[in-house]
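I opened this model to look up its sheet, its cores and its backbone angles. My notes follow.

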Amino acid sequence: MEEQFILRVPPSVAERIERLLNESAAASEDKSLDLSFSEDGRSGTFVIGNDHFPASLLDLPTIVESYKTYDDSVLIKTADIGQMIMVREEGDPTPEAVEYRHGLTPPMRDARRRRFRREPDLNPELVQRVEKDLLNIMAVAGHDEDGDANTRNASKKASPAPAAKPDVPDARENAAEPERSDSDESDDSI
């Protein structure tokens, strides 16, 4: 099982980390790399060589998937990443919120505000009142359905038979001639 995280560092620290990874450890002046967090789990210290930098654990606005490949053609998903460790310069301000407002790339700038639905501002008293009204309506409708079922069945039994059409000649009177419609008199010469 792999564990992955995103480490965002200032450009000067990024150069030192790259040098540490590319050169042999003995040749580099930055021989140690350390990350430790305080008891709250959100703030900590990043150490490279003899320099200490403040760090914060922040939640990303979306989940980021990471992939790896062994043959440069097939990608294999290795992790879902939802947090980022942000290392700051000594004078930079500490983030106020635990959620990072921006994603990892420029198109995701201020992603939470621009791309996701806002939660509606609902008055709890209004919600309770509407819920109570709906429950009352459902109770009345359930009660009426039981009582109305009997009256509906009674009205179905009492419905009168359809009345006979007046002035319609009986079929027995026209037994000599077959019934014809207007369409029978159409011209078939076409």
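I count two strands as paired if DSSP finds at least two bridges between them. Helices (H or I, at least four residues) and strands (E, at least two) are DSSP runs, numbered from the N terminus. The model is predicted, so I noted its limits: local features need pLDDT of at least 70, side-chain atom pairs count only at pLDDT 80 or more, and totals for chains, interfaces and linings use all residues. Residues are numbered from 1 along each chain as its sequence is written, and side-chain values use heavy atoms, with hydrogens and water left out.

**Sheet.** E3 and E4 run antiparallel and are joined by six bridges. I then traced the sheet. It is open, has five strands in the order E1-E5-E4-E3-E2, and its pairing is mixed. Strand E1 (6–8) and strand E2 (33–37) are the edges, each pairing on one side only. On average, neighbouring strands are turned by 40° against each other, direction ignored. For angles I used axes fitted as lines to C-alpha atoms, for helices over the stretch in contact, with values from 0 to 180 degrees between N-to-C directions.

**Helix on sheet.** H1 lies across E1, E2, E3 and E4. H1 runs at about 55° to E3. Contact here means heavy atoms within 4.5 Å.

**Cores.** I took a nonpolar core as a set of buried Ala, Val, Leu, Ile, Met, Phe, Trp, Tyr and Cys residues joined through side-chain atoms within 4.5 Å. Buried means under 20% relative accessible area, exposed over 50%, partly exposed in between (1.4 Å probe, protein chains only). The largest core has nine residues, among them Val13, Phe46, Ala55 and Val87. Helix H1 (11–22), strand E3 (43–48), strand E4 (51–69) and strand E5 (75–87) each supply at least two of its residues. E4 gives the most, three residues. A second, separate core of seven residues includes Leu58, Met84, Met86 and Tyr100. I also listed the contacts of Ala55, leaving aside its neighbours within four places in sequence: they include Leu35, Phe46, Ile85 and Val87.

**Positive phi.** Most residues other than glycine have a negative phi. I noted two exceptions. Asp72 has phi near 65° and is found in the loop between E4 and E5. Asp110 has phi of about 55° and is found in the loop between E5 and helix H2 (111–115). Which of them is buried, and which exposed? Asp72 counts as exposed because its relative accessibility is 74%. Asp110, at 9%, counts as buried.
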